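Hi,

Here is the structure I promised to pass on. Please open it alongside this note; what I found follows below.

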Amino acid sequence: YILDLRNNPGGLLIQAQKISDFFLDDGEIVSTKGRKSKENRKSFAERYYKGDIIEGRPLIVLINNGSASASEIVAGALQDHKRAILLGETTFGKGSVQSIIPLKNRGAIRLTVSKYYLPSGKSISEIGVLPDIKVEEDDEEFLINTETDNQLNYAIGLLIG
């Protein structure tokens with residue numbers, strides 16, 4: 001199986017937890033740490049699904065600099081649990097949890113309240129997730145999911161041997 005998270009800017013934390021849980025039997029998925037210890041949270045597999053839905057079959061996750069936030073959580077959790085091989089380029093590094101506080105003038109303030117941490121304890125913030133196999137986009141002709149997609153072609157080659 002190939003999970004393509006390239007250019008995925010992320011989304012809601014709950015969605016990252018659910019997608020990670022698809023492929024994990026158990027273990028931590030992500031933790032958040034704030035300024036106060038009572039704000040700290042941990043999320044574990046088997047909360048939404050009962051075990052790996054592809055039953056241990058090979059899984060390659062494609063990542064690049066456009067992979068951010070929730071997609072980095074998924075990639076990092078699967079890598080830390082040695083459930084997937086990450087292939088491509090280092091991710092963006094958006095590892096912060098933000099709250100949006102509405103203002104009376106119809107504006108808002110986006111406030112960072114905590115940071116994401118992978119099961120290994122590594123922070124995603126400003127570092128990103130490193131691929132296990134670095135495959136850079138080939139050249140200006142590169143287009144995702146076409147014949148010029150050398151990252152996808154490399155992943156397919158690994159799977160079919």
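Contact here means heavy atoms within 4.5 Å. Keep in mind that this is a predicted model.

Start with α3, residues 150-160. Its buried residues are N150, Q151, L152 and A155. What covers them? The cover includes β1 (2-4), β4 (60-63) and β5. Just after α3 comes G161, which has a positive phi of about 75 degrees.

Next, the helix pair. α1 spans residues 13-23 and α2 spans residues 70-80. Their axes come within 8 Å and cross at roughly 25 degrees. Angles under 35 degrees count as roughly parallel, so α1 and α2 are roughly parallel to each other. The crossing of α1 past α2 is right-handed. On the α1 side, the contact is made by L13, A16, I19, S20 and F23. On the α2 side, A70, I73, V74, A77 and L78 make it. Sorted by class, this contact has 9 nonpolar residues, 1 polar residue and no charged ones.

Last, K82. Where does K82 lie? It is in the loop between α2 and β5 (85-88). Is K82 buried or exposed? Exposed means over 50% relative accessible area. K82 has 75%, so it is exposed. K82 is also 58 residues from L24 in sequence. In space, the two are 9.8 Å apart, C-alpha to C-alpha.

Best wishes

Note on methods. Residues are numbered from 1 along each chain as its sequence is written. This is a predicted model: local features need pLDDT of at least 70, side-chain atom pairs count only at pLDDT 80 or more; totals for chains, interfaces and linings use all residues. Side-chain values use heavy atoms; hydrogens and water are left out. Axes are lines fitted to C-alpha atoms, for helices over the stretch in contact, and angles run from 0 to 180 degrees between N-to-C directions. Helices (H or I, at least four residues) and strands (E, at least two) are DSSP runs, numbered from the N terminus. Angles under 35 degrees count as roughly parallel, over 145 as roughly antiparallel, 65 to 115 as roughly perpendicular and the rest as oblique. A crossing is left-handed if the near helix is turned anticlockwise from the far one by less than a right angle, and right-handed if clockwise. Ala, Val, Leu, Ile, Met, Phe, Trp, Tyr, Cys and Pro count as nonpolar, Asp, Glu, Lys and Arg as charged, and the others, Gly among them, as polar. Buried means under 20% relative accessible area, exposed over 50%, partly exposed in between (1.4 Å probe, protein chains only).
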